Amino acid sequence: VQLQASGGGLVQAGGSLRLSCAASGIIFSIADMGWYRQAPGKPRELVAAITSVSHTNYADSVKGRFTISRDNAENTVYLQMNTLQAEDTAVYYCYANYVRRDYWGRGTEVTVSS
């Protein structure tokens, strides 16, 4: 199983980024997918999740600003991040829950300058 995240970078506060996570080695359509993030000195936290039937869940801190979506034809999950704030600075990790096991990708770094 491989989860390849991309799309991170440096952006000014108020700007937008879209993260992508391409999955391989799983039947993507039956996997629950999501994004976590970890800021320096803080524990990893859930940002957003999307089930195999596209039910979504968001951390309170990103509701109304971030949108998670999936493209089963492309085996990819996306995280559209708008109105970014300095507090969103973190390494973002893609994860998959597939057949009751968790899989993690390498993170992609997001830095928001204020």
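Predicted model: local features only at pLDDT ≥ 70, side-chain atom pairs only at ≥ 80, totals over all residues.
Let's start at Arg-37, which is placed in strand S4. Strands here are DSSP runs of E with at least two residues, and helices are runs of H or I with at least four residues, both numbered from the N terminus. Residues are numbered from 1 along each chain as its sequence is written, and side-chain values use heavy atoms, with hydrogens and water left out.

Back to Arg-37. Is Arg-37 buried or exposed? Its relative accessibility is 5%, so Arg-37 counts as buried. The cut-offs: buried is under 20% relative accessible area, exposed is over 50%, and partly exposed is in between, with a 1.4 Å probe and protein chains only.

Which side chains does Arg-37 join by polar contacts? One is Glu-45, at 2.7 Å. Another is Asp-88, at 2.9 Å. A polar contact is a pair of N or O atoms within 3.5 Å; within protein, one must be able to donate a hydrogen and the other to accept it, and residues adjacent in sequence count only if both atoms are side-chain atoms. Arg-37 also has contacts, meaning heavy atoms within 4.5 Å. Leaving aside neighbours within four places in sequence, the contacts of Arg-37 include Pro-43, Arg-44, Val-47, Phe-66 and Tyr-92.

Now the rings. The whole structure holds 3 aromatic pairs. Rings of Phe, Tyr and Trp (its six-membered ring) pair if their centres lie within 6.5 Å; planes under 30 degrees apart are stacked, over 60 edge-to-face, and the rest tilted. Take Tyr-36 and Trp-104: their pair is edge-to-face, with 5.0 Å between centres and 70° between planes. This pair links distant parts of the chain. Tyr-36 sits in strand S4 (residues 32-38), Trp-104 in strand S10 (residues 101-104), and they are 68 residues apart. Both are partly exposed: Tyr-36 has a relative accessible area of 22%, and Trp-104 has 40%.

Trp-104 has another partner. Its ring and that of Tyr-95 have centres 5.5 Å apart and planes at 35°, so that pair is tilted. Tyr-95 counts as buried, at 12% relative accessibility. Put together, ring pairs link Tyr-36, Tyr-95 and Trp-104 into a cluster.

Next, Arg-44. Where does the charged end of Arg-44 sit? Over the ring of Tyr-93, 3.8 Å from its centre. Arg-44 also lies over the face of Trp-104, 4.8 Å from the ring centre. The rule for a charge over a ring: NZ of Lys or CZ of Arg is within 6 Å of the ring centre and within 35 degrees of the ring normal.

Over to Tyr-78, in strand S8 (residues 76-81). Tyr-78 counts as buried, at 15% relative accessibility. Not counting residues up to four places away in sequence, Tyr-78 touches Trp-35, Ile-68 and Asp-71, among others. Its C-alpha atom is separated by 24 Å from that of Lys-42, 36 residues apart along the chain.

Finally, the whole protein. How many helices and strands are there? The protein has 0 helices and 11 strands. Buried residues make up 41% of the 114 residues. Of the contacts with a separation of 6 or more, 53% come from residues 24 or more positions apart. The C-alpha trace spans about 40 × 25 × 20 Å along its principal axes.
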